[in-house]
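Subject: Structure handover

Hello,

Here is the structure I said I would pass on. My notes on it follow below.

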Amino acid sequence: MSNTARYAVSAPRTPGAAHTSTQAATLAEARKIAKAFSTRRDLSRQDVRIERNDGSLVEYAGPAR
């Protein structure tokens, strides 16, 4: 991961899983990180968020369940 992280990928805390947040330098990298959340059965649609460092939403990236 680069020192110039521009995006944050986050998933909420749910029963049995802690809040998760990871930084990414590019949108492509952020989408790849978000795709890894598809193994969490407790997440769906708008649960995984890709945001800019200023907090503005770029897109929802949760699994389609």
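A residue is called buried when its relative accessible area is under 20%, exposed when that area is over 50%, and partly exposed in between. Please keep in mind that this is a predicted model.

The side chain of R31 meets that of E59 in a salt bridge, with 2.9 Å from N to O. This pair links distant parts of the chain, since R31 sits in helix α1 and E59 in strand β4, 28 residues apart. E59 has a relative accessible area of 22% and is therefore also partly exposed.

The other salt bridges

How many salt bridges are there by this rule? The count comes to 3. Besides the pair described above, R49 and E51 meet through their side chains, at 2.8 Å from N to O. R49 is partly exposed, with a relative accessible area of 25%, whereas E51 is buried at 18%. E51 falls on the buried side because its value is under the 20% cut-off. There is also a salt bridge between D42 and R40, whose closest N and O atoms are 3.0 Å apart. Here D42 is partly exposed at 32% relative accessibility, and R40 counts as buried at 15%.

The sheet and the helix

In what order do the strands of the sheet run? The sheet is open and has 4 strands, in the order β2-β1-β3-β4, with antiparallel pairing. Its edge strands are β2 (20-24) and β4 (57-60), each of which pairs on one side only. From one strand to the next, the twist averages 20°.

Strand β3 covers residues 49-52 and pairs with β4 in the antiparallel sense over 3 bridges. E51, already mentioned for its salt bridge with R49, has L57 in β4 as its bridge partner.

Helix α1 (residues 27-35) packs on this sheet and touches β1 (7-11), β2, β3 and β4. The direction of helix α1 makes about 150° with that of β2.

The core

Which residues make up the largest nonpolar core? This core has 11 residues: Y7, V9, A11, A24, A30, A34, F37, L43, V48, I50 and A61. Two or more of them are given by each of β1 and α1. The largest share, 3 residues, comes from β1.

V9 is one of the core residues. Leaving aside residues up to four places away in sequence, V9 touches T20, S21, T22, A30, I33, A34, F37, V48, R49 and I50. Among these contacts are core residues including A30, A34 and F37, as well as R49, which takes part in a salt bridge with E51.

T22

T22 lies in strand β2 and is partly exposed, with a relative accessible area of 26%. Not counting residues up to four places away in sequence, T22 touches Y7, A8, V9 and I33. Y7 and V9 both belong to the largest nonpolar core. As for I33, its C-alpha atom is separated from that of T22 by 8.0 Å, with the two residues 11 places apart along the chain.

Regards

Key. Residues are numbered from 1 along each chain as its sequence is written. This is a predicted model: local features need pLDDT of at least 70, side-chain atom pairs count only at pLDDT 80 or more; totals for chains, interfaces and linings use all residues. Side-chain values use heavy atoms; hydrogens and water are left out. Two strands pair if DSSP finds at least two bridges between them. Axes are lines fitted to C-alpha atoms, for helices over the stretch in contact, and angles run from 0 to 180 degrees between N-to-C directions. Contact means heavy atoms within 4.5 Å. Buried means under 20% relative accessible area, exposed over 50%, partly exposed in between (1.4 Å probe, protein chains only). A salt bridge is a side-chain nitrogen of Lys or Arg within 4 Å of a carboxyl oxygen of Asp or Glu. A nonpolar core is a set of buried Ala, Val, Leu, Ile, Met, Phe, Trp, Tyr and Cys residues joined through side-chain atoms within 4.5 Å.
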